[in-house]
Amino acid sequence: QVQLVESGGGLVQAGDSLRLSCAASGRTFANYVMGWFRQAPGQERERVATVTWGGTTTYFADSVKGRFTISRDNAKNTVYLQMNSLKPEDTAVYYCAARLTIATAYNYWGQGTQVTVSS
């Protein structure tokens with residue numbers, strides 16, 4: 001089992017920045033591919049960003065490219081999502097998730113943290 005706890009969400013204005021953190025416990029963090037997802041009311045969950053085990057390979061949704069970065073600190077069992085130039089359409093509940101390989105499903109999820117961007 002892997003337990004994931006997100007933090008860092010809040011209410012900001014358009015153009016502001018936020019950094020989300022996701023602390024992991026329970027298994028060897030470095031063994032997992034980590035991802036950030038988001039879900040806005042009435043919308044499907046969207047994959048925002050992922051980072052592989054060593055942090056060298058990343059993925060970003062087109063909607064956040066150039067504004068968001070993902071990183072991980074395996075010594076601290078933590079993955080981060082740095083969000084810059086936030087837009088109202090970034091408003092959502094943000095979740096972190098873990099999976100063992102890029103070919104398997106994400107089977108561990110955090111409880112989510114709310115990000116609200118006002119215009």
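Cys 22 and Cys 96 form a disulfide in this predicted model, with 1.9 Å between their sulfur atoms. A disulfide here is a pair of cysteine sulfur atoms within 2.5 Å, and by this rule the count comes to one. The torsion about the S-S bond of Cys 22 and Cys 96 is about 45°, so the disulfide is right-handed. Because Cys 22 belongs to strand 3 and Cys 96 to strand 9 (residues 92–99), the pair ties together parts that are 74 residues apart in sequence. Both cysteines, Cys 22 and Cys 96, are buried (under 20% relative accessible area, with exposed over 50% and partly exposed in between, for a 1.4 Å probe and protein chains only).

Strands are DSSP runs of E of at least two residues, numbered from the N terminus, and two of them pair if DSSP finds at least two bridges between them. Four strands make up an open sheet in the order 1-3-8-7, with antiparallel pairing. At its edges are strand 1 (3–7) and strand 7 (68–73), each pairing on one side only. On average, neighbouring strands of this sheet are turned by 15° against each other, direction ignored; the angles, on a scale from 0 to 180 degrees, are taken between N-to-C directions of lines fitted to C-alpha atoms.

Strand 1 and strand 3 (residues 18–25) run antiparallel and are joined by five bridges.

Residues are numbered from 1 along each chain as its sequence is written, and side-chain values use heavy atoms, leaving out hydrogens and water. As the model is predicted, local features need pLDDT of at least 70 and side-chain atom pairs count only at pLDDT 80 or more, while totals for chains, interfaces and linings use all residues.
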